[in-house]
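Good morning, and thank you for coming. Please look at the sequence and the structure on the screen before I take you through them.

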Amino acid sequence: SFGFIGYTFAHGMGPHGGQLVDIPPYHLEFQVMPGMLHIYVIDKDKNALPLEGKATGKLILQMPDGTKKSLDLEVKGDNFIANADVKPEVPFTAIATVQMDGHAYTARYANASTHEKPAK
């Protein structure tokens with residue numbers, strides 16, 4: 001089973017319809033598309049911060065079968081993009097580390113039904 005610490009749970013929807021994860025003083029919004037993950041940095045007023053030239057990021061993806069992938073996040077305007085073998089309905093865990101303002105912020109996001117065992 002997956003043991004997650006309380007603060008890592010996504011809470012509420014972001015302005016783009018993705019799940020929010022706290023990275024005080026901001027939130028990361030994870031928006032899952034088929035084959036792609038968009039990650040926005042959201043401020044307290046629910047606005048996406050401009051990231052172009054201001055931030056870099058890395059992503060670790062953990063799939064239900066135990067495989068892990070490390071990806072660089074590509075900045076596109078106000079969001080990071082990761083091209084990955086993900087789908088909104090398929091469980092996975094993403095650990096994003098964002099470098100910004102001279103700080104590193106890490107957020108853990110569990111997509112879909114990660115608390116359920118994948119069918120054998």
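How many salt bridges does the count come to? The count comes to three, where a salt bridge is a side-chain nitrogen of Lys or Arg within 4 Å of a carboxyl oxygen of Asp or Glu. Before I describe them, a word on the source: this is a predicted model, in which local features need pLDDT of at least 70 and side-chain atom pairs count only at pLDDT 80 or more, while totals for chains, interfaces and linings use all residues. Residues are numbered from 1 along each chain as its sequence is written, and side-chain values use heavy atoms, with hydrogens and water left out.

Let me begin with the charged pairs. K58 forms a salt bridge with D72, and their closest N and O atoms are 2.5 Å apart. This pair links distant parts of the chain, since K58 belongs to strand β4 (residues 55–62) and D72 to strand β5 (residues 68–76), 14 residues apart. Strands here are DSSP runs of E with at least two residues, numbered from the N terminus. K58 and D72 are both exposed. On that scale, exposed means over 50% relative accessible area, buried means under 20%, and partly exposed lies in between, with a 1.4 Å probe and protein chains only.

A salt bridge also joins E74 to K76, with 2.7 Å between the closest N and O atoms. E74 has a relative accessible area of 37%, so it is partly exposed. K76, at 45%, is partly exposed as well. In the bridge between K44 and D45, the closest N and O atoms are 3.7 Å apart. K44 counts as exposed because its relative accessible area is 71%.

I turn now to the aromatic rings. How many aromatic pairs does a search of the whole structure find? The search finds three. Rings of Phe, Tyr and Trp (its six-membered ring) pair if their centres lie within 6.5 Å; planes under 30 degrees apart count as stacked, over 60 as edge-to-face and the rest as tilted. Y26 and Y105 form an edge-to-face pair, 5.8 Å centre to centre with 75° between the planes. Their pairing links distant parts of the chain: Y26 is in strand β2 (residues 26–33) and Y105 in strand β8 (residues 103–111), 79 residues apart. Y26 counts as buried, because its relative accessibility is 17%. Y105 is buried too, at 10%.

Why is the pair of F30 and Y109 stacked? The ring centres are 4.6 Å apart and the planes are at 5°, so the pair counts as stacked. Because F30 lies in strand β2 and Y109 in strand β8, this pair ties together parts that are 79 residues apart in sequence. F30 and Y109 are both buried. Ring pairs also link F30, F92 and Y109 into a cluster.

As a general remark, in soluble globular proteins nonpolar side chains tend to be buried together. A nonpolar core is a set of buried Ala, Val, Leu, Ile, Met, Phe, Trp, Tyr and Cys residues joined through side-chain atoms within 4.5 Å. Which members of the largest nonpolar core touch the most other members? Among its 30 residues, they are F30 and L59. Each of β1 (19–23), β2, β3 (36–42), β4, β5, β6 (79–83), β7 (92–100) and β8 supplies at least two residues of this core. The largest share, five residues, comes from β7. Leaving aside neighbours within four places in sequence, the contacts of F30 (heavy atoms within 4.5 Å) include L37, I39, A96 and Y109.

M63 sits in the loop between β4 and β5. With a relative accessible area of 17%, M63 is buried. Not counting residues up to four places away in sequence, M63 touches D85, V86 and F92.

Finally, consider strand β3. Six of its seven residues are buried, so β3 is largely enclosed by the rest of the structure. Strands β2 and β3 run antiparallel and are joined by seven bridges, where two strands pair if DSSP finds at least two bridges between them. In this pairing, L28 stands opposite V41. The hairpin of β2 and β3 has two residues between the strands, and G35 there takes a positive phi near 80°. Four bridges join β3 to β6, also antiparallel, and I39 stands opposite F80 in β6.
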